[in-house]
Amino acid sequence: MTTDTDAATSAGALSTPRGTYQVRTFGCQMNVHDSERLTGLLEESGFVAAPDDADARRGEVDVVVFNTCAVRENADKKLYGTLGALRPAKDANPGMQIAVGGCLAQKDRSTIVDRAPWVDVVFGTHNIGALPVLLDRAQHRAEAQVEILESLEVFPSTLPTRRESSYAAWVSISVGCNNTCTFCIVPSLRGKEKDRRPGDILAEVRDVVDTGALEVTLLGQNVNSYGVEFGDRGAFAKLLRSCGDIEDLERVRFTSPHPAMFTDDVIAAMAETDNVMPQLHMPLQSGSDDVLRRMKRSYRSKKFLGILDRVRERIPEAAITTDIIVGFPGETEEDFQRTLDVVEASRFASAFTFQYSIRPGTPAATMEGQVPKEVVQDRYERLTALQDRITYEENQKLEGRVVEVLVAEGEGTRDETTHRISGRSRDHRLVHLAVPEGLESADIPRPGDMVTATVTRAAPFYLIADSAREVAPGVSPTREQFSVRRTRSGDAWEAGESGLDAGSSCGTGATAPSGLVTLGMPSLRRP
């Protein structure tokens, strides 16, 4: 039986923070989503986010967590360099704790502690829920704790969460991957695919919508293989249609699919479900069938282009993006030219382009025909020049188009200088918008609000919608020039800025105060 005194003592304990934390994230969207779980776990354990200006190198943070990537080039050098910069702070403040998790931790394991003995905790991709216990154990035993599991212990979405955004949320539908791409180390680090039940996914989507989110991105290493584990190959298309039935959910996205398993029922669901956005990320990797074969990518360029044709037939306004690797072992100039040809034909809205680099532990690392660095660099520059031209040409086609933009934080680095706000259109293009002259500060759209405006100018990597500046003084703008729809998401953002509780943080219904997650996601190349 809990007495009033017990309850008061418990509440008092929770009101006194155990310390401050920072979570630093490197890598893909899956890592970003995992970091939301890590912050939720830390806050449930009594930690609070460190102030934005706190510097861990000066010992101003009590717990620093690195959620690492093993895919990006020089990921290990980046981690160990950052850990080295923290050693003086750790020496000066032994009570400070440093934890390393994620894919690089799953791969390197105790090697991390061997190379950086001042690290307190190492945990893998399968046991992120163990972080608070490992931190306590390391402190109690005064020695590093390394715990790596070989399979998933608890599905991450059951853990407490502190979401990065009040208006857009990640929702995992699966973890792991059953593919065997020769360049990729992810399957060995995240394991075989494990699918969540549809009811659990939809319950979490409803929960994040109830707490203010307008947009949800369904997340998995290979989303369109969802359902294979429980015997329903049409499960992903059904899931998209079920999301269309969720009240107040305005935008649904997903990432990433695999061309080999992308089926027409998914295209139909995208086209026929109003809140599924006209955007598709479809990784090409290479336009050469010979290279795709060596990559163990079980599709060929003809099939890939056929998918794009069918998508555009049903969704003419779809913006399609991709991933491309340049310089894969054995890639010839003829192979590379085929990639350029497919890129020209595909008319991608944008592309994440990567120079191949060896990943120890992958089959490609020991393949013959490793391409010289200078050749890879030359091909990379030719590819990005081509894609930059295509991106600009595709953006120019949108001049004069009316767009609906979800206003977002952090999208416009020069908004204060240019007197614009920024966000994403329905097809996920970045849009910078002018606000009408003389607009009261209380009426300026908030992150999470929707703005309708007209694109006035295209740029190589974004759109400008300055239609509000075409309005004569004293005249109200038309809907197409500038109109604002204030939303529940904007209300939730404003409540968060005021320090008010905006609602529960995940499907468990746990409350999560605001915290800090610093992101290391890839961004489009800028000139």
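**View 1. Strands E13 and E14 of the predicted model pair side by side.** Six bridges join strand E13 (residues 319-326) to E14, and the two strands pair in the parallel sense. The model shown here and in the views below is predicted.

**View 2. Helix H13 packs against helix H14.** The axes of helix H13 (residues 333-346) and helix H14 (residues 373-396) are 10 Å apart and meet at an angle of about 10°. Angles under 35 degrees count as roughly parallel, and H13 is therefore roughly parallel to H14. H13 contributes Glu333, Phe336, Leu340, Val343 and Glu344 to the contact. From H14 come Arg379, Arg382, Leu383, Leu386, Gln387, Arg389 and Ile390.

View 3. Ser346 lies in helix H13. Is Ser346 buried or exposed? Its relative accessible area is 0%, and Ser346 is buried. Leaving aside residues up to four places away in sequence, Ser346 touches Phe304, Leu305, Leu308 and Arg312. Ile390 is 44 residues from Ser346 along the chain, and the C-alpha atoms of the two are separated by 9.5 Å.

**View 4. Helices H9 and H10 lie roughly parallel.** Helix H9 (residues 235-243) and helix H10 (residues 264-272) have axes 8 Å apart and pack at an angle of about 5°. That angle makes H9 roughly parallel to H10. On the H9 side, the residues that meet H10 are Phe236, Ala237, Leu240 and Arg241. They meet Asp265, Val266, Ala268, Ala269, Met270 and Glu272 in H10.

**View 5. Strand E3 pairs with strands E1 and E4.** Six of the six residues of strand E3 (residues 63-68) are buried, and the strand is mostly covered. Val63, Val65 and Asn67 point one way from E3, while Val64, Phe66 and Thr68 point the other way; all are buried. Strand E1 (residues 19-25) runs parallel to E3 and is joined to E3 by five bridges. Tyr21 has Val63 as its bridge partner in E3. Strand E4 (residues 97-102) also pairs with E3 in the parallel sense, over six bridges. In that pairing, Asn67 has Gly101 of E4 as its bridge partner.

**View 6. Strand E17 pairs with E16 and E20.** Five of the five residues of strand E17 (residues 430-434) are buried. Both faces of E17 are covered, with Leu430, His432 and Ala434 on one side and Val431 and Leu433 on the other. Strand E16 (residues 420-425) and E17 pair in the antiparallel sense over five bridges, and Ser422 stands opposite His432 in E17. The hairpin of E16 and E17 has four residues between the strands, and in this hairpin His428 takes a positive phi near 75°. E17 and strand E20 (residues 463-465) pair in the parallel sense over three bridges. In this pairing, Val431 stands opposite Leu463 in E20.

**View 7. Thr456 in the loop between strands E18 and E19.** Thr456 is found in the loop that lies between strand E18 (450-454) and strand E19 (457-458). With a relative accessibility of 31%, Thr456 counts as partly exposed. Beyond residues up to four places away in sequence, Thr456 touches Ile464, Ala465, Asp466, Ser467 and Glu470. Arg401 is 55 residues from Thr456 in sequence, and the two are 8.2 Å apart in space, C-alpha to C-alpha.

**View 8. The chain as the setting for the close-ups.** The secondary structure of the chain comes to 16 helices and 22 strands. Its radius of gyration is 24 Å, close to the 24 Å that the globule rule gives for 527 residues, so the chain is as compact as a globular protein of that length. The C-alpha trace spans about 70 × 65 × 45 Å along its principal axes. Of the 527 residues in the chain, 54% are buried. Among contacts in the chain with a separation of 6 or more, 75% are between residues 24 or more positions apart. The accessible surface is about 23100 Å², and 49% of this belongs to carbon and sulfur atoms.

Terms used
Residues numbered from 1 in each chain as written. Predicted model: local features only at pLDDT ≥ 70, side-chain atom pairs only at ≥ 80, totals over all residues. Heavy atoms only, no water. Pairing = 2+ DSSP bridges. Rg over C-alpha atoms; globule rule 2.2 N^0.38 Å. Buried < 20%, exposed > 50% of the residue type's maximum accessible area, 1.4 Å probe, protein only. Contact = heavy atoms within 4.5 Å. Areas by Shrake-Rupley, 256 points an atom, 1.4 Å probe, with all protein chains shown as cover. Axes fitted to C-alpha atoms, helices over the stretch in contact; angles between N-to-C directions. Parallel < 35°, antiparallel > 145°, perpendicular 65-115°, else oblique.
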